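Open your viewer and keep the selection tool ready. We will go stop by stop.

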Amino acid sequence: MRNVINLNKDWAFIQQDAGLPQVMPSDWTKVDLPHTWNAIDGHDGNGSYDRGKYWYAKTFETPKQPLGGGKVFVEILAAGQQATVYVNGKEVVYHEGGYSTFRADITEVCKEEGENLLVVACDNARKESVYPQSADFTFYGGLYRGVNLISVPDAHFDLEYYGGPGIQVTPVPCDCGGAKFDIVSYVKEADENFTVLYSICDAEGKEVASACRPADSTAVTVYVPEVTKWDIDNPYLYTVTARLERRNETYDEISVRAGVRSFSCDPNKGFIINGVETPLRGVSRHQDQLYKGNALTREDHFEDARIIKELGANTIRLAHYQHSQDFYDACDEMGFVVWAEIPFISVMNNDLEAHQNCISQLKELIIQNYNHPSICFWGISNEILIGGISEQLVENHKELNALAKELDPSRLTTIAHVSMTPIEGPMHYITDTESYNHYFGWYGGKMEDNGPWLDNFHKIHPNICLGVSEYGCEGIITYHGPNPACKDYSEEYQALYHEHMAKVLDERPWIWSSHVWNMFDFGCAARDEGGVAGRNNKGLVTMDRKIKKDSYYIYKAYWNKEPMVHLC
Ligand code: GCB
């Protein structure tokens with residue numbers, strides 16, 4: 001059976017390019033994961049934060065390899081932003097992109113006896129070919145999600161293909177009240193004597209269906225005659241387990257959760273889930289907190305999701321990159337419809353290498369997160385217009401969209417256009433749905449411009465499903481201006497703006513989704529606005545999660561089924 005060993009404790013860390021150590025360094029700082037070296041820097045608003053190559057080291061014993069032979073993998077849940085991993089002085093993997101999981105087979109370099117030295121060099125310096133290249137948030141560096149060792153027998157479920165779980169489950173509801181689960185698992189080194197046993201259990205742990213396949217042909221469709229659907233108000237989850245066996249002996253086992261739901265978008269009816277028109281109204285989220293940076297625990301992720309649930313939102317845009325598995329788990333459990341995206345943002349690099357990075361980040365996003373029922377949309381870019389609309393830009397988008405559809409025909413694709421993307425032109429009709437980031441009432445124009453702009457677009461493109469991917473304005477809790485109607489960073493103006501926007505969106509249920517920018521204030525080393533430096537203050541809640549701004553309560557009143565009660 002597989003054995004997963006958490007390696008989060010007792011690392012040595014050094015904040016300089018120290019070079020590859022040969023033995024466990026005794027004079028480096030002791031840290032536990034998750035860890036970032038930017039947790040407390042980048043808050044002075046001068047744009048500078050510590051960006052460079054820093055080193056982590058840890059010793060470990062080679063795990064016992066099950067059933068003789070076997071393999072050992074190191075799993076890095078994410079490393080900001082480029083990382084090289086060494087075991088006993090040998091490079092085992094180099095990875096670009098700070099938001100996805102990657103693994104390396106380290107069997108050959110592990111010692112049979114005694115301690116091994118694992119070293120990771122993380123580098124968050126700007127690299128031209130790695131996205132994001134330029135964006136309005138801090139690119140934290142470090143081993144900010146955690147590291148595991150995984151040992152498996154020679155015959156095992158795949159661990160190497162783009163960091164995926166080794167199994168893909170696509171549940172499709174049938175009209176009869178049941179569902180078919182299309183399942184495929186990816187098996188390594190298993191001959192014709194192996195079989196894969198699949199079992200589907202309901203939320204109470206009761207098996208509702210099972211199947212068995214030879215290991216060389218693992219795709220199967222399993223029918224469950226009666227299902228409870230996954231929905232926003234009732235996020236019902238099944239567990240699908242795959243067991244790799246030979247002569248009744250289990251070699252490997254993996255379990256993932258799955259939810260049965262149907263969804264679509266219609267230009268006039270908006271988002272439809274399980275046959276019910278359901279306007280998606282919610283928020284965007286970045287994965288950081290004050291003085292923790294992006295080194296968040298599973299509890300931190302779940303707490304964020306809980307605050308968003310309490311607000312009454314039914315959707316979250318996970319901007320602008322792949323978030324932690326913990327957060328997708330929270331969304332599966334709490335019933336959010338998720339828009340997940342890659343950091344193809346602001347500015348495109350024409351080099352082929354950069355385009356390849358974009359492609360591999362999209363592959364990782366989809367392959368690693370395929371089984372999360374909360375995800376309904378893959379976002380292929382955000383505001384990628386600096387430099388204008390070139391033929392290459394359009395081509396790259398078409399290619400990314402086609403790739404997303406090829407890897408996952410069961411979901412819809414989307415894009416976040418910058419406000420000035422022309423209403424007509426080649427950036428339209430590429431993705432299944434489209435959205436605009438609009439800041440009328442903040443960066444330019446008046447808040448009253450939003451409604452007419454949306455109506456006009458809808459008139460010109462009656463066949464495009466239109467959403468509002470970002471809207472918002474800064475609101476700083478310590479600032480209360482004399483005139484709430486002035487765009488002055490005050491909490492009052494922010495509340496006035498959101499009161500207007502909540503109504504604009506409420507009156508247009510055909511807008512398939514809208515996402516407030518942002519649920520929480522977030523780290524942005526380059527900003528110094530309204531007297532609070534180093535962060536973007538457009539959150540409905542402060543970066544330390546301690547204070548809910550006035551605008552939070554506007555949405556709470558709009559979106560919650562429970563009436564709000566004011567106690568004097
Ligand atoms: C945008 C970007 C987002 C920024 C936001 C802002 O359009 O997509 O990354 O943070 O504007 O606050 O300016």
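Which domains does the domain assignment give for the protein chain? Three entries come back: domain 1 (3-153), domain 2 (164-258) and domain 3 (279-473 + 499-525). These bounds come from an automatic or database domain assignment. Color domain 1 and domain 2, and compare their C-alpha centres: they lie 33 Å apart.

Some ground rules before moving on. Residues are numbered from 1 along each chain as its sequence is written. This is a predicted model, in which local features need pLDDT of at least 70 and side-chain atom pairs count only at pLDDT 80 or more, while totals for chains, interfaces and linings use all residues.

**Stop 1: the sheet**

Select β3, β2, β4, β9, β6 and β7. In that order, these 6 strands form an open sheet with antiparallel pairing. Strands here are DSSP runs (E, at least two residues), helices are runs of H or I (at least four), and both are numbered from the N terminus. Two strands pair if DSSP finds at least two bridges between them.

Now look at β3 (29-31) and β7 (90-96). Each has a single partner strand, so one side of each is left without a neighbour in the sheet. From one strand to the next, the twist averages 25 degrees. Angles like this run from 0 to 180 degrees between N-to-C directions, with axes fitted as lines to C-alpha atoms, for helices over the stretch in contact.

Zoom in on β4 (residues 53-61) and β9 (residues 115-123). They pair in the antiparallel sense over 9 bridges. Pick T59: its bridge partner in β9 is L117.

**Stop 2: Y144**

Select Y144, in the loop between β9 and β10 (147-152). Is Y144 buried or exposed? Y144 counts as buried, because it has 28 C-beta neighbours inside 10 Å. The cut-offs use C-beta atoms placed from the backbone: buried means 20 or more others within 10 Å, exposed means 12 or fewer, and partly exposed is in between.

**Stop 3: two cis peptide bonds**

Go to L33 and P34. A cis peptide bond joins them, with omega about 0 degrees. P34 sits in the loop between β3 and β4.

Next, select W517 and N518. The peptide bond from W517 to N518 is also cis, with omega near 15 degrees. N518 belongs to the loop between β31 (513-516) and β32 (522-529).

**Stop 4: two positive phi angles**

E189 is not a glycine, yet its phi is positive, about 55 degrees. Find E189 in the loop between β14 (187-188) and β15 (194-201). With 15 other C-beta atoms within 10 Å, E189 is partly exposed.

Y291 is not a glycine either, and its phi is about 60 degrees. Look in the loop between β23 (280-285) and α1 (298-311). Y291 counts as exposed, with 11 C-beta neighbours inside 10 Å.

**Stop 5: the ligand**

Which residues are around the ligand? Select A135, D136, H320, N382, E383, N437, E470, W517, N536 and K538. Each has its C-beta atom, placed from the backbone, within 6 Å of the ligand. By class, this shell has 2 nonpolar, 4 polar and 4 charged residues. Nonpolar covers Ala, Val, Leu, Ile, Met, Phe, Trp, Tyr, Cys and Pro; charged covers Asp, Glu, Lys and Arg; the others, Gly among them, are polar.
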